[in-house]
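Thanks for coming. I will walk through one structure today, starting with a helix and ending with a strand residue.

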Amino acid sequence: MQVLVEIVTAIFGIAFKLIFAAAVMAVIFLSWGVGIEPGLLRVTATEIATPNWQTYWRPLRIAVLSDLHVGSPHIDAKHLEFIVETVNAQKPDLVLLLGDYVADGYYKAVPPEVVAPILGRLSARHGVFAVLGEHDWRTGDTSVQNALKQAGIKVLHNQAMAVRPGKGRRFWIVGLTDPASGTRPSYGRAAQTIPRGEPVFVMMHNPVEIDRVPATVTASFAGHTHGGLFNIPYADHVMLVPADTDKSLARGLIRIGRKTLFVSSGIGSSSIPIRINLRPEIAIVTIKGS
């Protein structure tokens, strides 16, 4: 009987130690994911080689920013200034802003009249283009759009704009509107003036809109997912993405048939302020011919 008691006591002792160790690890894990990693900005590099980009053109360096949520933890106006300086130091040819510039609901919001002039300092050879995300439309008005335009940023809603890099060459930027605007995204409406065969880059906030984009497009860009919040090897099921999208579209360079989609992991936070092994990113995407 005494031996049985000793065995049970030993088992309970081991179990308590394991539970305590797990609790300590969980606290460390969450402290890092909430308090530290969301503030560790990084610059990532991705290359897209595509026959849709004429091989005699020089490589095109595109800086991609998404889901800034200025006013969320770690992202205030001062940090946004640092982000802009970091982008400009990369000397991009083009800057694409993929929506959700403001934070609403959970954090102290920074008004678009403060956010937009800072973003207006972004510098790129061929311009700065933007689409809006659902958080930008939750203001119930066009204040975000108006502020961005006032700052000199080209905001596209189911619209296309030509970019002329010189020597008679031309490519196009198409911006799909977000359904939160009250208007359905429409590539056909946006691209009706684009001649067949010319290079096209498509911007959207939610990557599910890739279904509306034809395979002839050179490359598409999206945000919205925050990368799934978690990047744990062999545990993709742990990722958390918004209900209106899909885990298969969470982040990075994605091939869907003959379509090419790059999804940014974003920078700020919305409802869940956590990142695990998934630092906020300024993505530099280089387009090359193949």
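This is a predicted model: local features need pLDDT of at least 70, side-chain atom pairs count only at pLDDT 80 or more; totals for chains, interfaces and linings use all residues.

**Helix H2 and the cores**

Which residues of H2 are buried? They are His79, Leu80, Ile83, Val84, Thr86 and Val87. These residues cover an arc of only 160° around the axis, which puts them on the same side of H2. The buried residues of H2 pack against S1, S2, S3, H3 and S12.

A check on the length of this helix. H2 has 13 residues, and at 1.5 Å a residue they should span 18 Å. The end C-alpha atoms of H2 are 19 Å apart, which agrees with that. After H2 comes Lys91, with a positive phi near 50°.

Now the cores. In soluble globular proteins, nonpolar side chains tend to be buried together. Here the largest nonpolar core has 33 residues. Which of its residues touch the most other members? Those are Leu97, Tyr101, Leu119, Leu122 and Leu148. Helix H2 (77–89) is among the elements that give two or more residues to this core, and so are helices H3 (112–119) and H5 (143–150). The strands that do so are S2 (60–65), S3 (94–97), S4 (128–130) and S12 (281–289). Apart from this core lies another, of 23 residues, including Ile48, Val163, Phe171 and Ile287.

Next, H5. Its buried residues are Ser143, Val144, Gln145, Ala147 and Leu148. What covers them includes H3, S4, helix H4 (134–137) and strand S5 (154–155). What does Leu148 touch, leaving aside its neighbours within four places in sequence? Leu148 is in contact with Tyr101, Ala116, Leu119, Ala130, Leu132, Ile153 and Val155. Just after H5, Gly152 takes a positive phi of about 90°.

Last, a residue in a strand. Thr50 lies in strand S1, which covers residues 42–50. Is Thr50 buried or exposed? The cut-off for buried is under 20% relative accessible area. Thr50 has a relative accessible area of 3%, so Thr50 is buried. Leaving aside its neighbours within four places in sequence, Thr50 is in contact with Thr218, Ile287, Lys288, Gly289 and Ser290. Of these, Ile287 also came up as one of the residues of the 23-residue core.

That is the end of the tour.

Notes: Residues are numbered from 1 along each chain as its sequence is written. Side-chain values use heavy atoms; hydrogens and water are left out. A nonpolar core is a set of buried Ala, Val, Leu, Ile, Met, Phe, Trp, Tyr and Cys residues joined through side-chain atoms within 4.5 Å. Buried means under 20% relative accessible area, exposed over 50%, partly exposed in between (1.4 Å probe, protein chains only). Helices (H or I, at least four residues) and strands (E, at least two) are DSSP runs, numbered from the N terminus. Contact means heavy atoms within 4.5 Å. The expected span of a helix is 1.5 Å times one less than its number of residues. The arc is that of the directions from the helix axis to the C-beta atoms.
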